[in-house]
Amino acid sequence: MPRLTRRHLMIATAAVAAASAAVAVTTTAGAFDGAHQAKNTIRSGKAKNVILLIGDGMGDSEITLARDYTVGANGRLNMDRFPLTGAYTTYAVHQDGTPDYVTDSAASGTGWATGVKTVNGRISKTPGSDKAVRTVLELAQKNGYATGSVTTSELTDATPAVLASHVTDRGCQGPADMAKCPTDTIAAGGPGSIAEQSVNHKVDVLLGGGRQRFDQQVTDGRYKGMTVTQQARKLGYQVVTDSAGLGSAKPGKPVLGLFAPGNVPVEWSGKAAAVGGTDPQRCVTSNPNRPSTTPSLADSATKAIQLLEAKQRAKHSKQGFFLQIEGASIDKQDHAADPCGQIGETAAFDRAVKVARDYAARHPDTLVVTTADHGHTSQIVPLEATPPGLSSTLVTDEGQQLKVNYSTNTPGQSQEHTGTEVRIAAQGPLAYRVLGITNQTDLFTTMREAMRLH
């Protein structure tokens with residue numbers, strides 16, 4: 001690994017100076033702590049562990065909405081406390097390589113997972129030739145790292161899928177879902193569906209929803225006639241379905257956690273946005289449709305770290321682990337114009353960020369990165385505004401009213417992603433690489449170089 005270049009040192013010095021300047025202005029946002037962390041973060045060296053946290057659809061508006069509602073306009077979330085913060089571009093590409101300015105989660109995930117831009121809907125394959133591209137998780141496995149993926153979506157959804165599968169279309173989630181991926185089927189000599197590939201990759205920890213995909217029957221190949229869940233057990237997986245099962249999972253064998261038939265139910269509930277707005281509402285910090293036995297994202301993240309760390313300790317490995325943690329339903333509730341569901345999922349994701357940062361505080365050779373895959377639709381607007389789309393008025397924890405607007409599609413249609421740049425923040429070895437404006441594909445390079453993958 002080369003030493004810091006003069007350019008990197010200049011950037012680092014500027015960041016520390018900026019952080020120090022912030023101390024002179026205000027202390028309400030933890031600026032003293034930020035300056036101290038920045039000085040200790042702008043360094044090179046190898047990362048024993050990498051924890052990547054993806055807030056799906058979590059643009060600056062989504063972060064600000066959750067901050068305003070839960071900790072106040074002058075408060076700070078856990079994700080606000082990283083010492084180094086930048087932004088990255090998120091665009092996808094067309095088959096000829098020209099920009100497609102608004103990405104989906106498949107193309108964006110492929111960008112950070114492989115370093116290669118692709119077309120919307122494709123999972124870790126090239127845009128034109130449709131060839132598989134090696135992912136950061138695959139490289140980590142090759143180099144002796146333990147690996148894990150935790151999500152609140154189906155484990156076969158786009159973000160977890162980009163790490164351990166390669167298919168032409170993101171919809172090819174289970175053996176019965178392969179219509180759009182004829183060359184990827186096992187019968188055609190391909191690797192199979194996302195579910196089949198995920199367990200065949202022997203990822204050490206897979207936690208999320210999507211039990212319906214894994215209950216589908218394998219149609220060809222070695223595991224023909226089995227469900228993918230049975231295939232996983234044949235491959236040595238411990239299969240768990242609730243908090244108790246997750247708590248009792250033991251190190252030494254891979255773990256497949258399937259906590260819901262589809263996406264994991266959201267934590268909060270409330271009235272969705274409506275044409276003409278809603279009466280001022282307080283969000284309900286529970287959801288009757290979420291079983292009490294469902295582990296939180298923070299609990300899943302904690303257990304995943306414990307399992308991955310224990311595996312490497314038992315092996316006396318010098319390498320650590322790579323773990324991806326996704327707050328998936330920030331995006332899904334944004335699509336549904338459901339501000340309470342969206343804020344609750346952002347708050348749940350933020351608690352997982354705290355788990356990662358607390359671990360890194362004890363293990364400073366851990367690179368922690370938090371970012372989003374793309375921006376989304378929610379906008380905070382003046383109370384007197386009369387948006388043409390859907391809106392809702394919330395009463396925040398500060399006792400103030402806040403209006404949020406969803407107008408990226410006509411009412412009754414799913415709200416849309418936006419093409420904006422999004423935040424990326426980090427701490428640990430090579431964290432300085434997130435400073436400034438970077439490209440989504442640069443995150444792959446940062447993680448690869450931090451772990452010294454080849």
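Select helix H4 (residues 105–114), which is mostly covered: ten of its ten residues are buried. Buried here denotes under 20% relative accessible area, exposed over 50%, and partly exposed the range in between, with a 1.4 Å probe and protein chains only. Helices (H or I, at least four residues) and strands (E, at least two) are DSSP runs, numbered from the N terminus.

The structure is a predicted model, in which local features need pLDDT of at least 70 and side-chain atom pairs count only at pLDDT 80 or more, while totals for chains, interfaces and linings use all residues. Residues are numbered from 1 along each chain as its sequence is written, and side-chain values use heavy atoms, with hydrogens and water left out.

**Helix H4 and its ends**

Among the buried residues of H4 are Ser105, Gly109, Trp112 and Thr114. Next, display the side chain of aspartate 104, which caps the N-terminal end of H4: one of its side-chain oxygens lies 3.3 Å from the backbone nitrogen of alanine 106. After H4 comes glycine 115, whose phi is positive, near 80°.

Most residues other than glycine have a negative phi. Proceed to aspartate 130, in the loop between H4 and helix H5 (136–142). Aspartate 130 is not a glycine, yet its phi is positive, at about 60°. This residue is buried, with a relative accessible area of 19%.

Then select histidine 316, in the loop between H11 and strand S10 (321–327). Its phi is likewise positive, at about 55°, although histidine 316 is not a glycine. Is histidine 316 buried or exposed? Histidine 316 is exposed, with a relative accessible area of 72%.

**The disulfides**

A disulfide is taken as a pair of cysteine sulfur atoms within 2.5 Å.

Select cysteine 172 and cysteine 181, which are joined with an S to S distance of 2.0 Å. The link of cysteine 172 and cysteine 181 is right-handed, with 95° about the S-S bond. Both ends are buried: cysteine 172 has a relative accessible area of 0%, and cysteine 181 has 0%.

Continue to cysteine 283 and cysteine 340, whose disulfide has an S to S distance of 2.1 Å. Why is this disulfide left-handed? The torsion about the S-S bond of cysteine 283 and cysteine 340 is about -80°, so the link is left-handed. This pair links distant parts of the chain, 57 residues apart: cysteine 283 is in the loop between strand S9 (274–275) and helix H11 (297–315), and cysteine 340 is in helix H13 (residues 339–362). Cysteine 283 is buried at 9% relative accessible area, and cysteine 340 is buried at 0%.

**Proline 175**

Select proline 175, in the loop between helix H6 (158–164) and helix H7 (194–200). Proline 175 is buried, with a relative accessible area of 10%. A contact is a pair of residues with heavy atoms within 4.5 Å. Leaving aside neighbours within four places in sequence, the contacts of proline 175 include Ser193, Glu196, Arg213 and Val228. A C-alpha to C-alpha distance drawn from proline 175 to phenylalanine 214 spans 8.7 Å, and the two are 39 residues apart in sequence.

Serine 300 lies in helix H11 and is buried, with a relative accessible area of 4%. Which residues does serine 300 touch, not counting those up to four places away in sequence? They are Val150, Leu207, Leu246, Phe259 and Pro295.

For the cavities, a 1 Å grid is laid over the protein atoms alone; a cavity is a set of points where a 1.4 Å probe fits but cannot get out, and lining residues have an atom within 4 Å of a point. Grid points are joined across faces, edges and corners, and a volume is the space filled by probe spheres set on the points. By this rule there are four cavities of 30 Å³ or more. The largest cavity has a volume of about 90 Å³. Of the 16 residues that line the largest cavity, the closest to its centre are Thr152, Val264, Pro295, Ser296 and Leu297. Strand S5 (146–154), H11 and H13 each give two or more residues to this lining.

**Colouring by confidence**

Finally, colour the chain by pLDDT, the predictor's confidence in each residue, from 0 to 100. The protein chain averages 93, and 91% of the residues score at least 70. Over residues 1–32 the pLDDT stays under 50, and the model has 29 contacts beyond four places in sequence for these residues.

Terms used: A polar contact is a pair of N or O atoms within 3.5 Å; within protein, one must be able to donate a hydrogen and the other to accept it, and residues adjacent in sequence count only if both atoms are side-chain atoms. On a 1 Å grid over the protein atoms alone, a cavity is a set of points where a 1.4 Å probe fits but cannot get out, and a pocket is an open set with protein on both sides within 12 Å along at least five of seven lines; lining residues have an atom within 4 Å of a point.
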